[in-house]
Amino acid sequence: MQGFKRFAGAGRANWVRGLATWIAGAAVFAALSGCASIDSSSAPKVSRDDSWAVLPVVNYTETPQAGLAVEAITQSLLTSSGFSNVKRYPANLNRETLVDPSERGATDRALEWARKENVKYAVTGAVEEWRYKVGVDGEPAAGVTLQVIDVQSGAIIWSATGNRTGWSRSSLSSVGQKLISALIAPVTQ
């Protein structure tokens with residue numbers, strides 16, 4: 001009987017140590033993965049063969065040309081997901097500058113261009129955060145909203161918004177790419 005009590009006590013201690021190890025591992029995993037939040041509407045039925053355009057992404061941040069970075073990442077992710085007919089609006093339609101980075105008229109001009117090009121769907125949106133946070137660690141943080149527009153009707157058929165932070169050793173473009181990839185995943189699958 002004495003041996004059984006020792007065994008039960010050792011088993012319980014091993015179980016508690018195992019649980020503590022699992023909890024610590026889960027906490028480390030959660031900490032290393034960064035924080036993210038995404039809200040999305042249900043994805044429309046689209047074809048990879050349809051014509052697509054990436055329109056201007058309005059930059060509401062203090063970071064110069066953050067909208068252009070989001071556009072480039074979005075176009076790359078669409079193309080790498082098998083969308084074979086993706087166009088980018090002409091550069092002269094977007095007047096994003098250091099002085100006025102949030103000019104919304106560029107999107108209207110680019111949408112008109114897409115109609116003339118007979119594009120079926122367009123991706124546009126806004127970037128709300130694109131920076132390294134101030135502090136000792138300087139963590140990267142990105143906040144992006146994307147929309148898919150039926151070009152002919154002008155109707156928004158899908159929308160998603162999200163934000164993500166990384167750790168001090170993460171690059172801002174890496175955090176942004178992970179966020180944008182997660183945002184458009186429902187459309188590209």
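Is E71 buried or exposed? E71 counts as buried, at 0% relative accessibility, and it opens this tour of close-up views of a predicted model.

**View 1. A salt bridge joins E71 and R88.** Here the two side chains meet with an N to O distance of 3.1 Å. E71 belongs to helix 2, which covers residues 66–80, and R88 to strand 3, residues 86–88, so this contact ties together parts that are 17 residues apart in sequence.

**View 2. K87 and E117 pair up in a salt bridge.** The N to O distance in this view is 3.2 Å. K87 sits in strand 3, and E117 in the loop between helix 3 (105–116) and strand 4 (121–132), so distant parts of the chain, 30 residues apart, are linked. K87 is partly exposed, its relative accessible area being 27%. E117 also counts as partly exposed, at 36% relative accessibility.

**View 3. Within helix 3, E112 meets R115 in a salt bridge.** Their side chains come together at 3.6 Å, N to O. Because they are three residues apart in helix 3, about one helical turn separates E112 from R115. Both ends are partly exposed: E112 has a relative accessible area of 37%, and R115 has 26% relative accessibility.

A search of the whole structure finds four salt bridges, among them the pairs E71 and R88, K87 and E117, and E112 and R115. As a friendly reminder, side chains of opposite charge can pair when their charged atoms come close.

Key:
Residues numbered from 1 in each chain as written. Predicted model: local features only at pLDDT ≥ 70, side-chain atom pairs only at ≥ 80, totals over all residues. Heavy atoms only, no water. Helix = DSSP H or I, 4+ residues; strand = E, 2+ residues; numbered from the N terminus. Buried < 20%, exposed > 50% of the residue type's maximum accessible area, 1.4 Å probe, protein only.
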